[in-house]
Amino acid sequence: MAKKQIRIGLIGYGFMGRAHSNAFAKVGHFFDSEHEIVLQAICARDAAKAQAFADRWGYRSVETDWKKLIARDDIDLIDIAVPNNLHAEIAMAAAKAGKMILCEKPLAMNPKEAEKMVAAVKKAGVPNMVWYNYRRCPAVVLAKQLIDEGRLGRIFHYRANFLQDWTISPELPQGGTALWRLDAKAAGSGVTGDLLAHCIDTALWLNGGIADVNAMTETFIKERKHTLTGKVEKVSIDDACAFLCHFNNGSLGLFESTRYARGHKALYTLEINGEHASIKWDLHDLHRLQWFDHKDQSNLRAWRSIHVSDGDHPYLKNWWVPGLQIGYEHSFVHQVADFLHGLDTGKPARPDFADGLATDYVVDAVLSSAKAHKWTKVKQVKAAK
Ligand SMILES: NC(=O)c1ccc[n+]([C@@H]2O[C@H](COP(=O)([O-])OP(=O)(O)OC[C@H]3O[C@@H](n4cnc5c(N)ncnc54)[C@H](O)[C@@H]3O)[C@@H](O)[C@H]2O)c1
């Protein structure tokens, strides 16, 4: 039987444009689906660079204006891989045009925008998903399975860090194509929306909703030259953020993120301590899950390092043979595979836009709490599914 084609229109060819394109190219080779990805068009403002990207990755055509891409009737799905300030406008237009949407994280600049995006996809009835790819690392999925099986028992603590060190130099400018993350007008916030958003999404998935937060943020370098204006301007993003929280299940959360932790490049770690067992995971060693089970025989009890590479581990039967590990890029392949599986079965894959909104509510509460120096309640997404 001929497969149903999903003709992709990708917007943005940077870091995530490449990660998504790689996933689109690989998914059909490793995962079965009634649907088939077609790399129909790449959209970016520079026509020559867009054409070079199309040639390298196999896109059939090029657009330089995302509005024209959305207007095309040979595009089924719009993939948003551009800076955060463009997500809402593009997603709303894509929903109105009846396109499926994959959107990068954080879903929006703020909850107000994100609420409108959720309403737009709901009204249009279009499949939608947010690229919180760490949910698709096999070791993290194994953690989810162990939690859902009740093996940890009551959860007491959830701890997560996301540490980097690339903005320590005061000479680093802000803004423009390469450094939009340092410009609040393009990014919305600093490490909170960029890095902690990942930690928050994983936490909401593994440990449920967050009730309230108490946060602090810091901007260590107060002024930087702006790439676009050439002038020294105030830095409005948060360089570092730490927060405490209460989860709805009664457990306590502790989160920290910074771009000033010398020696750390992308150290996303999480740890969960339950009544019977504990779990640890580290992005730098992403194919391993650390597991401590108090039910083990007492004289043999210890932390185990599970090499998540066997055929009965999540996603692994679709890859190589037991013992051979996979990496970062595979989390994106898995996300596309799950999205297609959702289309096949009619059971949509998550995180969808409503889940993206839930994370944006936490990000917003964290930023508000830091500003007000007080505990702040987190708005909950109403539509329970
Ligand atoms: N899921 C993840 O792990 C992850 C990792 C990195 C970035 N992100 C997110 O992905 C998004 C993009 O980040 P990135 O690291 O790929 O950024 P990037 O700077 O590498 O790429 C951004 C791309 O957007 C293009 N662009 C900007 N304005 C445009 C416009 N008006 N029309 C068309 N193209 C335009 C740029 O030319 C560039 O190709 C952001 O929302 C970011 O938060 C997610």
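Predicted model: local features only at pLDDT ≥ 70, side-chain atom pairs only at ≥ 80, totals over all residues.
Residues are numbered from 1 along each chain, as its sequence is written.

Let me begin with the overall division. The protein chain is split into domain 1 (4-133) and domain 2 (135-377), with bounds that come from an automatic or database domain assignment. Taken over C-alpha atoms, the centres of domain 1 and domain 2 are 23 Å apart. The contact between them takes 35 residues from domain 1 and 40 residues from domain 2, where two residues are in contact if their C-beta atoms, placed from the backbone, lie within 7 Å. On the side of domain 1 that touches domain 2, helix 1 provides the largest share, 8 residues.

Which order do the strands follow in the open sheet of 9 strands? The order is 16-15-14-13-7-12-11-8-17, with mixed pairing, and two strands are said to pair if DSSP finds at least two bridges between them. At the edges are strand 16 (303-307) and strand 17 (376-377), each of which pairs on one side only. In general, strands of a sheet pair through backbone hydrogen bonds, either parallel or antiparallel. Strand 7 (residues 155-163) shows both kinds, for it pairs with strand 13 (residues 267-274) in the antiparallel sense over 8 bridges, whereas 7 bridges join strand 7 to strand 12 (residues 252-258), and these two run parallel. To follow this by eye, look for Arg159, whose bridge partner in strand 13 is Glu271, and for Ala160, whose bridge partner in strand 12 is Phe255. Helix 10 (residues 353-372) lies across strand 8, strand 11 and strand 17, and runs at about 55 degrees to strand 8; the axes here are lines fitted to C-alpha atoms, for helices over the stretch in contact, and angles run from 0 to 180 degrees between N-to-C directions.

Now to the ligand. Around the ligand there are 22 residues, of which Gly12, Gly14, Phe15, Met16 and Glu104 come nearest, and a residue counts as near if its C-beta atom, placed from the backbone, lies within 6 Å. Helix 1 (residues 15-30) gives the most to this shell, with 3 residues.

Finally, the backbone. Most residues other than glycine have a negative phi, and most peptide bonds are trans. A cis peptide bond, however, joins Lys105 and Pro106, with omega about -10 degrees, and another cis peptide bond joins Arg350 and Pro351, with omega about 10 degrees. Tyr315 has a positive phi, near 70 degrees, and His373 has one of about 55 degrees although it is not a glycine. Are these residues buried or exposed? Tyr315 is buried because 20 other C-beta atoms lie within 10 Å, while His373 is exposed because it has 9; the rule is that 20 or more means buried, 12 or fewer means exposed, and in between is partly exposed, with C-beta atoms placed from the backbone.

Key:
Helix = DSSP H or I, 4+ residues; strand = E, 2+ residues; numbered from the N terminus.
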